[in-house]
Amino acid sequence: MLRDITIGQYYQTESLIHKMDPRVKLGGTLLYIISLFFFRNFWGYVAAAFFLGLVIRLSHVPFRFMVKGMKSILFLLLITVVFNLFLIPGTELVSFWKLTITVEGVRTAVTMAIRLTLLIIGSSVMTLTTTPNNLTDGMEKMMKPLKVFHVPVHEVAMIMSIALRFIPILMEETDKIMKAQIARGADFESGSLVKRARALVPLLVPLFISAFRRANDLAVAMEARCYRGGDGRTKMKPLVYQRRDRVGYLCILIYLVVSITVGRL
Amino acid sequence: MSIILDHISYVYGGDTPLEVRALDDICLQIPDGQFVGIIGHTGSGKSTLVQHMNGLLRATSGHIYFNGEDIYDKDFSMKKLRSKVGLVFQYPEYQLFEIDVLSDVCFGPKNLGFDRKEAELKAFEALRRVGLPMELYYQSPFELSGGQKRRVAIAGVLAMEPEVLILDEPTAGLDPKGRDEILHQIKQLQTETGMTILLVSHSMEDVAEYVDRIVVMNRGRILYDDVPKKVFSHYKELEAIGLAAPQVTYIMHELKNRGFDVDTSATTIEEAAESVKKCLQITAASS
């Protein structure tokens with residue numbers, strides 16, 4: 001059940017996109033998302049979809065993997081579409097019972113749906129092709145300038161990478177504890193809402209305890225290796241821009257210019 | 001009255017490149033009252049196997065019969081099965097959650113529908129069986145030592161009064177003394193109640209003394225299924241799959257190779273000592 005969530009998951013394979021510097025992917029994704037909000041007509045979205053398709057092709061990640069991630073937000077997408085469809089005033093298109101659908105409503109609903117879909121697939125391309133560690137490395141380096149304003153960049157990056165590292169561990173732990181309590185006759189699946197919430201206590205208490213225990217163990221292990229924050233700390237694999245990264249930036253720039261010109265015609 | 005596994009296979013990560021065949025065509029019959037050791041190296045499928053026996057995992061193919069009923073039948077109650085087949089997981093102390101030991105042990109019986117009084121009676125009995133000192137019954141389970149916590153967790157399953165008790169590595173992470181105590185108590189439990197017990201372990205030394213039968217697992221298949229003496233006679237093959245026979249077996253074989261007429265099928269230290277003594281007496285008498 002927990003294994004079906006693919007948002008934020010890494011898909012291991014060899015590709016140009018996988019090898020790219022995480023900063024390019026981060027920046028590119030950000031610019032891509034921003035670009036989606038600039039379009040005034042349909043052609044901008046066509047350009048965006050085309051570009052995304054190209055990147056997916058280059059990433060060697062099967063397309064069905066990305067669609068899988070979409071399933072979890074399908075509900076959100078549906079709500080957005082329905083609300084936009086019925087609640088936007090304008091020229092009437094059809095009307096039944098108390099509901100009216102307007103031309104403007106249809107237009108907004110469709111663009112919203114396209115925008116959200118592209119946005120989510122676009123960002124999942126980044127997470128599917130970048131390991132969490134790589135991603136936080138990239139973020140740390142990109143945010144370095146913020147240090148001037150006393151933002152604890154290294155600490156935030158470290159917390160993030162540890163948190164990401166703990167997700168699979170805690171998921172496995174949840175699975176184990178759940179099974180152990182089911183073996184003791186616990187029932188997580190039936191009964192009223194209150195009963196089900198109460199049934200979670202035997203799962204959550206051991207889970208919290210184990211999370212604290214692991215956090216404590218990790219802190220001790222880090223201290224034993226003389227960890228004392230980011231000052232003077234070097235990387236084993238420092239991020240250095242290669243030729244392909246410069247080409248990557250250039251591609252994103254070209255995309256931006258083309259799509260926004262086309263999209264705002 | 002028994003558990004029968006009929007051609008059980010379990011595959012996980014199906015239709016992805018990471019497909020793993022954790023169990024491969026397992027056939028096994030466990031009669032009532034037997035003390036069975038399931039031995040295998042890490043990743044051999046032993047934990048996966050026992051999780052099938054109380055329905056926590058569902059086999060990809062094959063059937064499991066508990067007391068003659070197919071547990072995959074639509075009208076078969078998994079809840080009832082889990083009350084009859086108790087499973088103690090690895091490191092069970094991590095599943096404790098209640099404010100005191102007694103309430104934690106009551107969790108199982110209460111889930112089975114017993115009222116507070118009956119549940120507490122069963123809990124008392126289970127805690128007595130695992131040998132936990134009485135003064136600890138009303139303490140927080142989190143204040144106990146590792147070995148005591150494990151006893152509480154085992155009691156938590158025992159309190160459900162199962163007919164079959166499965167223990168997955170009950171001695172992992174315990175010191176030798178704690179290990180011997182727990183194994184001894186399990187054996188005692190079996191002789192007193194006639195309960196069927198399955199003990200999962202990766203150490204032959206652990207089980208050799210106590211069990212009636214050993215099932216050796218390797219890569220999701222059953223390699224040997226026999227009485228301990230017969231299984232240990234394959235000690236060379238066992239080594240090849242990362243397991244080892246008890247140290248006694250090695251010593252006895254070595255002695256035999258050096259010309260002493262000892263019984264190589266001895267599995268416990270007592271038996272070995274007896275055999276060596278006899279052999280020495282014969283040599284002394286003949287010279």
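**Exercise 1. How much area do domain 1 of chain B and domain 2 of chain B bury between them, and what share of it is on carbon and sulfur atoms?**

Before you start, keep in mind that this is a predicted model.

Step 1: Find the two parts. In chain B, domain 1 covers 2-233 and domain 2 covers 246-287. Their centres, taken over C-alpha atoms, are 35 Å apart.

Step 2: Look at who touches whom. Seven residues of domain 1 of chain B are in contact with seven residues of domain 2 of chain B.

Step 3: Read off the area. The two domains of chain B bury about 640 Å² between them, and 63% of that is on carbon and sulfur atoms. On the domain 1 side, Glu205(B), Lys229(B) and Phe232(B) lose the most area to domain 2, together giving 68% of what that side buries.

**Exercise 2. Describe the salt bridge between the two domains of chain B, and say what the domain 1 side is made of.**

Step 1: Count. The rule finds one salt bridge across this interface.

Step 2: Name the partners. Glu271(B) and Lys229(B) bring their side chains together at 2.8 Å, N to O. The cut-off for a salt bridge is 4 Å, so this pair qualifies.

Step 3: On domain 1 of chain B, α7 (204-208) and α8 (228-232) each supply at least two residues of the side that touches domain 2. By class, that side has four nonpolar residues, no polar ones and three charged ones.

**Exercise 3. Now turn to chain A: what do you find between domain 1 and domain 2 there?**

Step 1: Get the bounds. Domain 1 of chain A comes in two pieces, 1-130 + 240-265, while domain 2 of chain A is 138-233. Here 30 Å separate the centres, again over C-alpha atoms.

Step 2: Check the contact. Domain 1 of chain A puts in seven residues and domain 2 of chain A puts in eight. They bury about 640 Å² between them, with carbon and sulfur atoms giving 79% of it.

Step 3: The side of domain 1 of chain A that touches domain 2 has four nonpolar, one polar and two charged residues.

**Exercise 4. Which residues and elements does chain B bring to its contact with chain A?**

Step 1: Size up the contact. Chain B gives 20 residues and chain A gives 16. About 1,700 Å² is buried between the chains, 62% of it on carbon and sulfur atoms.

Step 2: Tyr94(B), Gln95(B) and Phe97(B) supply 33% of the area that chain B buries against chain A, more than any other three residues.

Step 3: Go through the pairs. There is one salt bridge across this interface: the side chains of Asp104(B) and Arg184(A) meet at 3.1 Å, N to O.

Step 4: The elements of chain B that give two or more residues are α2 (78-84), α3 (101-111) and α5 (146-158). Of the elements, α3(B) gives the most, with four residues. Sorted by class, the side of chain B that touches chain A holds eleven nonpolar, six polar and three charged residues.

Notes: Residues numbered from 1 in each chain as written. Chains lettered and ligands numbered in written order. Predicted model: local features only at pLDDT ≥ 70, side-chain atom pairs only at ≥ 80, totals over all residues. Heavy atoms only, no water. Contact = heavy atoms within 4.5 Å. Buried area = accessible area lost by both parts, 1.4 Å probe. Nonpolar A, V, L, I, M, F, W, Y, C, P; charged D, E, K, R; others polar. Domains from an automatic or database assignment.
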